[in-house]
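User: I would like to learn how to read the main features of a model such as this one, taking each feature in turn. Could you give me the general idea each time and then the case at hand?

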Amino acid sequence: MAIDQATVRKIASLARIAISDAEAAAMEGELNGILGWVEQLGEVDVTGVEPMTAVIPNKLRLRDDVIDADPLTGGNRRDDILANAPAPQHGFFGVPKVIE
Amino acid sequence: MTDLTNLTVAQIRDGHRAGDFSAVEVAEAFSANVAGAKALNAFIVETPEHALAAAKQADADRAAGTLKPLSGVPIGMKDLFATNGVQTTAASHMLEGFVPRYESTVSQKLWDAGAGMLGKLNLDQFAMGSSNETSYFGNVISPWRRKDGGNAALAPGGSSGGSSSAIAARLCPAATGTDTGGSIRQPAAFTGISGIKPTYGRCSRWGIVAFASSLDQAGPMARDVRDCAIMLENMAGFDPKDATSLDLPVPDWEAALSSDLKGKTVGIPKEYRLEGIDPDIDAMWEAGIAMLKDAGAEVVEISLPHTKYALPAYYIIAPAEASSNLARYDGVRYGLRDLPDGAGLQDMYAATRADGFGPEVKRRIMIGTYVLSAGFYDAYYTQAQKVRTLISRDFTAAFESCDVILAPTAPSAAFGLGEKTADPLAMYLNDVFAVPASLAGLPAMSVPAALNREGLPLGLQIIGRAFDEQGVLNAGLAIEERAGFTARVEKWW
Amino acid sequence: MSNYTIKGETGDWEVVIGLEVHAQVTSNAKLFSGAATAFGAEPNTQVSLVDAAMPGMLPVPNRECIRQAVRTGMAIDAQINKWSRFDRKNYFYADLPQGYQISQLYHPLVGEGSLTIEADEKAGIPEPKRIGIERIHVEQDAGKLMHDQHPTMSYVDLNRSGVALMEIVSRPDMRSPAEAGAYVRKLRSILRYVGSCDGNMEEGSMRADVNVSVRKPGDEFGTRTETKNVNSVRFVMAVIEGEAKRQVELIERGGTVVQETRLYDPDRNETRSMRSKEDAHDYRYFPDPDLLPLELDDAFLDECRASLPELPDAKRARYLAEGISAYNAEVLTAEVEAARWFDALLEAGAKPVAAANWVTSELFGALNRLGRDISDSAGQPGAGRRTARACRRRHDFGHDRQAGVRKDARNRRRRRRDRRS
């Protein structure tokens with residue numbers, strides 16, 4: 001199914017990517033080209049076929065309930081967390097004021 | 001004295017161990033090559049101090065008798081791996097200036113094994129591309145040139161194009177790569193080097209900037225098969241921080257290398273014989289079949305019936321995962337923030353992401369967002385994952401009658417920069433032979449096998465059963481020994 | 001059948017209520033990272049690289065969180081799914097670092113179950129009523145935004161980001177604010193017996209999304225609204241009352257109820273539309289490719305079942321069988337601490353009926369006068385020997401006291417803020 005520019009803008013908005021009218025126009029053609037091509041998948045008979053869940057047979061491991069067992073995945077590293085923040089504020093991340 | 005930068009990983013390791021040269025000499029030689037190759041644009045950040053520090057340690061360790069597996073070996077690190085204290089960008093404007101306070105599992109393993117880092121290697125932005133032309137930091141240029149006497153800049157392949165270019169140009173003996181849909185194998189083929197994508201789950205994904213989680217897999221790129229085995233041994237291994245990591249011991253792949261293929265069967269997938277393919281590719285494939293027969297293998301034709309659907313399935317699954325994986329780049333906690341005057345939070349997101357992502361990344365996020373959106377999820381994503389199951393079953397069935405599969409790595413030799421940028425689909429088709437093994441999570445490698453009529457390298461691909469990296473490496477070695485691929489680039493940069 | 005109706009100009013309206021209760025799972029560490037979950041830490045200190053969604057970070061699930069959700073499912077006689085999956089719910093918000101919440105849409109851990117609320121004539125619940133529970137799934141909590149600390153900025157604290165929640169989704173089986181209140185109290189009681197959630201609403205360990213619609217008796221379900229993050233039983237009941245009235249008035253004036261997300265303002269006791277969430281409805285759920293399917297074996301389930309304590313309904317039945325009055329049995333079993341205290345008393349040889357009378361009147365009365373909790377007095381059976389009147393509000397969730405605590409906490413936060421700036 002072909003998508004129009006309004007749809008392109010809707011997807012861009014869902015993906016939080018600002019686009020100009022010119023970009024939307026260009027993207028309309030590109031996306032339709034790609035989507036038209038991937039739609040050939042529709043001709044595959046998938047009756048009784050389960051969607052892929054794990055590409056290599058493997059079981060989900062669960063970890064023990066231990067705080068900071070590995071410093072790489074534990075807390076207490078606020079400096080590291082905030083080191084690259086564009087607007088750190090007294091130990092918080094600052095963002096433009098949100099009105100809820 | 002020999003030029004140390006002509007040595008392989010194994011030769012550096014062994015020569016250093018034997019006292020033929022110091023690790024500092026090796027590091028300095030490669031760092032000099034790196035510094036002198038700006039024209040290739042293979043590195044985003046150069047870190048000669050890191051390589052030198054590791055080299056000094058290696059020399060001390062030799063004196064103390066405590067050498068490690070990669071002591072004295074400097075390598076290149078694809079700039080998709082987080083490196084503690086060293087800028088990590090995924091070749092994007094979004095992460096320009098981002099300096100992680102953590103080290104990826106794979107790079108940490110390599111440093112623990114004694115390797116040093118020459119720098120962070122350029123790549124396609126967020127690993128999305130097949131030519132390195134999507135990098136925010138400018139495209140990498142292949143050291144290879146056509147023998148027509150012209151000097152058209154060629155693509156080093158992608159997304160690990162900085163890695164491939166740097167190895168081919170002797171800027172580093174080996175490098176890390178990542179492969180989501182061919183990003184190790186295709187650039188290896190384009191530049192006349194070797195590279196292996198191991199079984200999904202062999203190498204931890206922790207600390208690697210994610211593109212498509214169910215497909216991403218790190219692997220080594222190097223000049224020959226042995227070096228790939230050595231590097232992979234020091235990159236692979238169970239990591240409890242990655243829930244998809246394989247809890248298996250790491251085999252001693254180098255020690256078990258053998259090019260004797262007696263008793264092995266090689267499958268030739270008939271669906272990979274594409275209408276109108278470059279005759280040089282076809283000839284290389286035929287030659288490869290003869291080489292494996294010569295090594296003692298039996299060759300049979302096999303069928304992978306859903307091959308033609310692999311690429312379209314990939315271009316639903318990978319963008320879908322990417323659209324979600326890249327949602328974290330929002331300007332709140334790290335990376336670029338674009339805050340227009342008076343903008344609210346949602347405007348900040350849209351402006352930041354518009355500015356921080358390049359056109360190809362945006363295109364894939366848009367596709368991924370669309371195929372997951374309400375009303376389309378089943379038709380696109382679920383259907384693609386079902387087709388993926390069928391593709392995986394094709395391989396399982398094929399491996400009942402063969403041990404490894406032989407095919408070309410890419411449908412053509414390296415193309416010129418700019419030749420395919422206008423048409424995303426034409427670019428995507430470059431990965432037609434690489435993507436099926438990615439979708440099935442199987443180990444696959446590319447080894448250089450021939451030069452085409454333009455004097456450019458071509459690669460053969462070997463795909464193995466899950467967990468059978470050894471079988472893949474051994475078949476690769478058999479080709480390497482027989483192909484006699486010694487061609488190398490003339491330094492022009 | 002509840003006799004609660006809204007009297008409209010066009011006749012009587014029935015209110016239909018479903019609740020999605022978010023209960024924080026009791027665990028030391030977060031659902032997918034090793035950072036601590038304790039309440040009240042300095043901002044962004046209990047945040048791992050994983051919780052901050054740094055590039056390349058990956059989730060690994062905490063066994064205890066899964067175990068507690070399974071035990072909770074067993075406590076409401078629910079089907080436990082030995083095969084479940086985590087899905088990503090994609091949306092952008094400053095308190096959601098990954099840009100998606102890891103949740104379970106397609107294959108939840110716990111399927112269909114139920115609980116029974118007791119008869120309460122005075123509240124208009126003439127007989128016990130079974131409330132269906134559609135599912136329980138496990139998901140990540142989001143971080144927290146503070147809006148009042150800077151003139152042009154909001155502040156993001158990720159300490160809660162990644163804490164495990166159970167989302168407990170009821171069927172739309174409730175027909176009055178009282179039924180909804182009883183449901184939340186009963187659910188809270190069960191969670192506290194099981195030990196899977198501390199039920200502490202003022203710290204946000206339990207909060208409810210309240211789905212309300214109205215209809216003429218016998219009609220199809222009307223369009224519902226969802227009021228988010230309601231954090232006390234009293235507020236849940238107030239939301240239902242207010243929202244049902246608003247909807248009836250709207251419809252009778254010729255309007256239509258819009259399916260939307262609303263926010264409750266306790267100070268004005270009204271709900272309002274949350275426009276900031278309006279465009280976020282397309283969540284693009286898909287299975288999280290960083291996580292494999294969650295498969296549980298029989299040994300795991302057996303351990304979960306074996307570790308369950310005697311639950312409130314069974315305990316009440318036992319007390320009734322020992323001759324304790326229905327009222328006392330209800331009071332004694334409502335809170336797990338009281339029940340444990342009383343069981344210890346029985347074990348020490350006390351006579352059930354006399355002991356029940358003494359505990360519910362003398363002890364609870366004394367504790368109430370002292371402003372103390374039964375848990376404070378555990379092990380000190382003499383603590384409340386002085387005269388006291390029975391405390392009838394002990395088992396009634398103490399809303400007023402909680403509202404006070406909340407106000408105190410707000411004031412404390414304000415003071416801290418003032419100090420900083």
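User: What percentage of the 421 residues in chain C do buried residues make up?

Analyst: Bearing in mind that this is a predicted model, buried residues account for 58% of the 421 residues in chain C. That chain has ten helices and 16 strands, and of its contacts with a separation of 6 or more, 70% are between residues 24 or more positions apart.

User: Which residues touch the most other members of the largest nonpolar core?

Analyst: The general idea is that in soluble globular proteins nonpolar side chains tend to be buried together. Here the largest nonpolar core holds 215 residues, of which L110(B), F126(B), F395(B) and L406(B) touch the most other members. Helix α9 of chain B, residues 310-325, gives the largest share of this core, namely ten residues. Apart from this core lies another, of 94 residues, with I6(C), A164(C), A178(C) and L291(C) among them.

User: With which residues is F395(B) in contact, leaving aside its neighbours within four places in sequence?

Analyst: With those neighbours left aside, F395(B) is in contact with Y272(B), L304(B), I405(B), P436(B), A437(B), A440(B), L442(B) and I463(B).

User: In what order do the three strands of the open sheet in chain C stand, and is the pairing parallel or antiparallel?

Analyst: In chain C the three strands of the open sheet follow the order β5-β4-β15, and the pairing is antiparallel. Because β5 (100-103) and β15 (286-287) of chain C each have a single partner strand, they stand at the edges, and one side of each is left without a neighbour in the sheet. Between β4 (residues 87-90) and β5 of chain C, which run antiparallel, there are four bridges, and K89(C) has Q101(C) in β5(C) as its bridge partner.

User: How many cavities of 30 Å³ or more does the structure hold?

Analyst: Rolling a probe the size of a water molecule over the atoms shows where empty space is left. The structure holds nine cavities of 30 Å³ or more, and the largest cavity has a volume of about 100 Å³. Lining this largest cavity are 15 residues, of which D51(C), Q98(C), Q140(C), S161(C) and G162(C) are the closest to its centre.

User: Is R16(A) buried or exposed?

Analyst: R16(A) counts as buried because its relative accessibility is 8%, which falls under the 20% cut-off. A90(B) is buried as well, with a relative accessible area of 0%.

Definitions and conventions. Residues are numbered from 1 along each chain as its sequence is written. Chains are lettered from A and ligands numbered from 1 in the order in which they are written. This is a predicted model: local features need pLDDT of at least 70, side-chain atom pairs count only at pLDDT 80 or more; totals for chains, interfaces and linings use all residues. Side-chain values use heavy atoms; hydrogens and water are left out. A nonpolar core is a set of buried Ala, Val, Leu, Ile, Met, Phe, Trp, Tyr and Cys residues joined through side-chain atoms within 4.5 Å. Buried means under 20% relative accessible area, exposed over 50%, partly exposed in between (1.4 Å probe, protein chains only). Helices (H or I, at least four residues) and strands (E, at least two) are DSSP runs, numbered from the N terminus. Contact means heavy atoms within 4.5 Å. Two strands pair if DSSP finds at least two bridges between them. On a 1 Å grid over the protein atoms alone, a cavity is a set of points where a 1.4 Å probe fits but cannot get out, and a pocket is an open set with protein on both sides within 12 Å along at least five of seven lines; lining residues have an atom within 4 Å of a point. Grid points are joined across faces, edges and corners, and a volume is the space filled by probe spheres set on the points.
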